Amino acid sequence: MTKFLRKSAILLLGCLFVICMMNTTLYAAKSATKETNSVPAPEPSAKEDNAILPKVAEPEKTPQGNEEKKDAVDVKPNEKATLAAVPTPPTSLKSSIQSDSTINVEWTASQDASLVASYEIYVNGSLAGSVAGSQSYYTISGLSTGTTYKIQVKVKSKEGTYSELSQSIDVSTLSGKKVYEVESLTVSKSSGDSLTKVSEKESSGGTHAFYQSNEAGDYIEFPFQVTETSNYDIELRLKQFTNRGIAQIYVDNIAVGQPLDFYNLTAKYTTTLVGSANLDSTQNHTIKVVLTGKNAASSSFIVALDAIYLTKKVSSSATTAPSSLKSAVQSDTSINLEWTASVDTKGIDSYEIYEHEQLVGKVAGTQTFTTLLSLTPGTAYSYRVKAKNKDGIYSDWSNTLQVSTLTGKNVIELEQLSGAKTSGKTLTKVNEKESSGGYHVFYESNAVGDYIEFPFQVSKPGSYQLDLRVKQFTNRGITQVYVDGNAVGQPMDLYGSSAKYVEVSVGNIALDNRTTHTLKFEVKGKNASSTSYILALDAVYFTASTNTDPYEPNNTIASAAAIDVSKLITSNISDVLDQDYFKIVASESDSYFLTLQSPVDKNYKVEILNAAGQKLNVQQTVNKQDVDVSFFAAKNETVYIRIYTDSGTFGPESYLLRITPSPLKTYTYDDANHLTKLEYEQGLYQYVIQYEYDRNGNLLARRVIKTPKSS
């Protein structure tokens, strides 16, 4: 019994101890709750009373054994916690325009507009940019061509909280098109009107160029380059409206397509195919917009330019490049080109000829030659040729040819002369690649005496070497050339055993100052092997005689060339306006003698003038004879000599002139004291005069021997 009571007492004391400990724990918890919230803790349920309390862990120790300090939250009694508002995300995310490196996105604004500070745009999960909360579009730039991107947008609130990400869209950049944002191009030239950049969500790249042109003729030009040489389709993205003009697009100063009307009743972006152009990666190119007018309903001439798209054309067949480009004949203002044809299974549409990257000619795909006209004499040119196939695709370039026009030659293309007179036979023009200027004259003469005569003009009178380019063949005749009615050179045989172009030297001619000259070809016969008398005449070359006169310029008395007495002078009258002045200073008061020897077929005049320009003597060579002139000059007096023509005769042939003082004469007598010989020098000649007498001393004969002096 005693043992039982002892055990019961121990058990009772243990229970009391546990109850005391529980009350202590609950009190501490209630005190903490009251201190923190000032709200009475609810009474525990019977179930909670019977629950076994978890063991409270001790504070975590630091490595140094100190307890880690926790930041206390300072909450005032009776103050409730307030959470920041979270905005709703944007909706209806979409992209209406892309380029090869940009994507435009737009969205419907968050419903919590008052909370929005900004929008953040994410590309493939990474932040790509942000815009103000008042803007609901953005242009993503710096992207890769032909690549798909995942795009999302979310809102950042004014309190710094973020919405959820919007629904994503997958958008791809353009592939196969090179896009030039017009507003990003540097203006190289313009008519000077105001140019601004306008930011709009529909603009490619986010911005377009707004050029306030206000009349026809206004223009704006931009430079650009391509990375690959090819033929490209050119498209233009523009913005239409009621104040827009009509414009022609030029690429490298060549019009492409038809003029574009930018007018529309409402503001609208549109993309239109302008045309195509051949572009070289090694060259700088330009695109130019020129105002040609405006729609009748438009209020102005403005153009809004957004983007230019270049798309390389691809052909279903390969076109080989033209080859072996060469030039067999040139004139002073033309160059003939020929080449080996390109090959394409679909056929060649045309060939285009470029000079320093400028298109200068175009021929059908069946023709492999052309003649370039209106060039500058004595100038070097660089040419290349491209073929275009039936799909509009271009070949690579041909070889580059460096060639120059002739210098010093005035070339007359006979087929270009009008007003020809003939003996009545058929006259036609024949187009051949070897013909100078691309054509030659084909005159079907068939008898001796047939002729063809051309009127022609030269830029100035003078002496010329005349050369002729003809086509020989087995049916050609023999012809004599006449200039202004005078035969030049010998008859020319145009016969040849095969068709061949040749250049023949005809002779020297002098062209006076008449307005129009004549060039006549008269048939004189034919080669024994020839079958007919036909003339195939291509071009005439006039080469001005080179004036090497050491006394020029001496066309006025003020520019008279000083010469020494007794010196032989060689000069010429080069054209109808040419005149030569010389002057001497008399070393002694004396009579002086001058001899002028004109060229064989010329008659020139000589004048002697004093220092005041007054004529002292005038003589003219007659019938191709020399002329002698004498005059007196006082010591140290200046005397002028003028040589000229007033008969229209001149040329490169030289005249001779010498002035000598009174001659020192040598006399020879016979035993009877008769003068038998007189010798002296005067002007151009050494004179020997011989006298003969009979036995009675009477003069029988007087013989003059005149010998030219060599120097």
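The exercises below concern aromatic residues in a predicted model.

**Exercise 1.** Describe the surroundings of tyrosine 592: where does the residue lie, is it buried or exposed, and which residues does it touch?

*Solution.* 
1. Tyrosine 592 belongs to strand E40, residues 590-597.
2. Its relative accessible area is 2%. Buried means under 20%, so tyrosine 592 is buried.
3. Leaving out residues up to four places away in sequence, the contacts of tyrosine 592 include Val565, Ala586, Phe631, Ile659 and Pro661.
4. A polar atom of the tyrosine 592 side chain lies 2.8 Å from the backbone oxygen of glutamate 588.
5. Proline 663 is 71 residues from tyrosine 592 along the chain, with 8.8 Å between the C-alpha atoms.

**Exercise 2.** Classify the ring pairs tryptophan 107 with tyrosine 119 and tyrosine 551 with phenylalanine 582, and place each in the chain.

*Solution.* 
1. The structure has 13 aromatic pairs.
2. Tryptophan 107 is in strand E2 and tyrosine 119 in strand E3, so the pair ties together parts 12 residues apart in sequence. Both residues are buried.
3. For tyrosine 551 and phenylalanine 582, the centre distance is 5.5 Å and the angle 80°. Planes over 60 degrees apart count as edge-to-face, so this pair is edge-to-face.
4. Tyrosine 551 sits in the loop between strands E36 and E37, and phenylalanine 582 in strand E39, 31 residues apart. Both are buried.

Note on methods:
Residues are numbered from 1 along each chain as its sequence is written. This is a predicted model: local features need pLDDT of at least 70, side-chain atom pairs count only at pLDDT 80 or more; totals for chains, interfaces and linings use all residues. Side-chain values use heavy atoms; hydrogens and water are left out. Helices (H or I, at least four residues) and strands (E, at least two) are DSSP runs, numbered from the N terminus. Buried means under 20% relative accessible area, exposed over 50%, partly exposed in between (1.4 Å probe, protein chains only). Contact means heavy atoms within 4.5 Å. A polar contact is a pair of N or O atoms within 3.5 Å; within protein, one must be able to donate a hydrogen and the other to accept it, and residues adjacent in sequence count only if both atoms are side-chain atoms. Rings of Phe, Tyr and Trp (its six-membered ring) pair if their centres lie within 6.5 Å; planes under 30 degrees apart count as stacked, over 60 as edge-to-face and the rest as tilted.
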